[in-house]
Amino acid sequence: MTTCPHTPLRHKGRPVPYITAWSTERIEPRLVFVSGKLALRGQRRPAGVLWKPWRADPGVGEPELGDVHGPRQRECMLRKLCQVCRRPAVRNELGWPWLLEDHRGEAGWPEREVTTHPPTCETCQPVAQVQCTPNRGNFISVRVGQAVTDGVYGRLYRPEAHPIPVGKKHVLFAGDPRLRWMLGGQIAATLLNATVADMHTQAPVGR
């Protein structure tokens, strides 16, 4: 089994995943609409997705284990880095290691699962199991042959003088015209050629 050291960041003796947001990193965005597109007040509107701004102060303050630091999440997703230790996720014959909420009761799952979770190396998966507070203990290991980073997870805003959020956060895919009204938070990936694996041996389950 490939070994991978955990992140050096710790809080009260416990490792903190790399993508975890810390209490000093939050920035309250001041939103406006410019030419029908959501923008940050006083800043030039980027050509693509408008991403929620964050400070970069990992390790300062308190870790907010239920929240994700957007820029670090996107770095891990695009570069196939482990969300816990930031080392490259090692691909085997089945693909990259991933950790997903357990939905094995759904037909066809995990094929074409859409997720905002970046890869998690096999050594760090037990850490992520415990530290991800919203779904603690309800994860299984999956190997992914291809991850298509084709989605944006964020919040839509109504195009008015004072932008008003619309509904809950959700995923929009590339080419959706509503992306110009969204404040993006994380990249979403569609997982293909996905196989459920044993968390300890990384062997395919059911074979």
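1. A salt bridge is taken here as a side-chain nitrogen of Lys or Arg within 4 Å of a carboxyl oxygen of Asp or Glu, and by this rule the count comes to eight salt bridges. The model is a predicted one, in which local features need pLDDT of at least 70 and side-chain atom pairs count only at pLDDT 80 or more, whereas totals for chains, interfaces and linings use all residues. Residues are numbered from 1 along each chain as its sequence is written, and side-chain values use heavy atoms, with hydrogens and water left out.

2. D67 and R26 form a salt bridge in which the closest N and O atoms are 2.6 Å apart. This pair links distant parts of the chain, 41 residues apart, with D67 in strand 7 and R26 in the loop between strand 3 (20-22) and strand 4 (31-34); strands (E, at least two residues) and helices (H or I, at least four) are DSSP runs, numbered from the N terminus. D67 is partly exposed at a relative accessible area of 33%, and R26 is likewise partly exposed at 33%, where buried means under 20% relative accessible area, exposed over 50%, and partly exposed in between (1.4 Å probe, protein chains only).

3. R143 forms a salt bridge with E122, the closest N and O atoms lying 2.8 Å apart. Here too the pair links distant parts of the chain, since R143 belongs to strand 10 and E122 to the loop between strand 9 and helix 2, 21 residues apart. R143 counts as buried at 1% relative accessibility, and E122 counts as buried at 10%. Salt bridges that share partners also join R26, E64 and D67 into one network.

4. R104 pairs with D102 in a salt bridge whose closest N and O atoms are 2.6 Å apart. R104 is partly exposed, with a relative accessible area of 48%, and D102 is partly exposed at 23%.

5. The largest pocket holds about 960 Å³ of space. On a 1 Å grid over the protein atoms alone, a pocket is an open set of points where a 1.4 Å probe fits, with protein on both sides within 12 Å along at least five of seven lines, and lining residues have an atom within 4 Å of a point. Its lining comprises 41 residues, of which G66, D67, V68, Y153 and Q186 lie nearest the centre. Elements that each supply at least two lining residues include strand 7 (63-68), helix 2 (125-131), strand 10 (139-158) and strand 12 (182-197).

6. T120 lies in the loop between strand 9 and helix 2, and it is buried, with a relative accessible area of 0%. Its side chain makes a polar contact with the side chain of Q83 at 2.8 Å, a polar contact being a pair of N or O atoms within 3.5 Å, of which, within protein, one must be able to donate a hydrogen and the other to accept it, and residues adjacent in sequence count only if both atoms are side-chain atoms. Leaving aside neighbours within four places in sequence, the contacts of T120 (heavy atoms within 4.5 Å) include C82, Q83, W98 and A128.

7. R155 lies in strand 10 and counts as partly exposed at 26% relative accessibility. The side chain of R155 reaches the backbone oxygen of G167 at 2.8 Å, and, with neighbours within four places in sequence left aside, the residues in contact with R155 include P165, G167, K169 and W181. The C-alpha atoms of R155 and L179, 24 residues apart along the chain, are separated by 9.6 Å.

Methods
Points joined across faces, edges and corners; volume = space filled by probe spheres on them.
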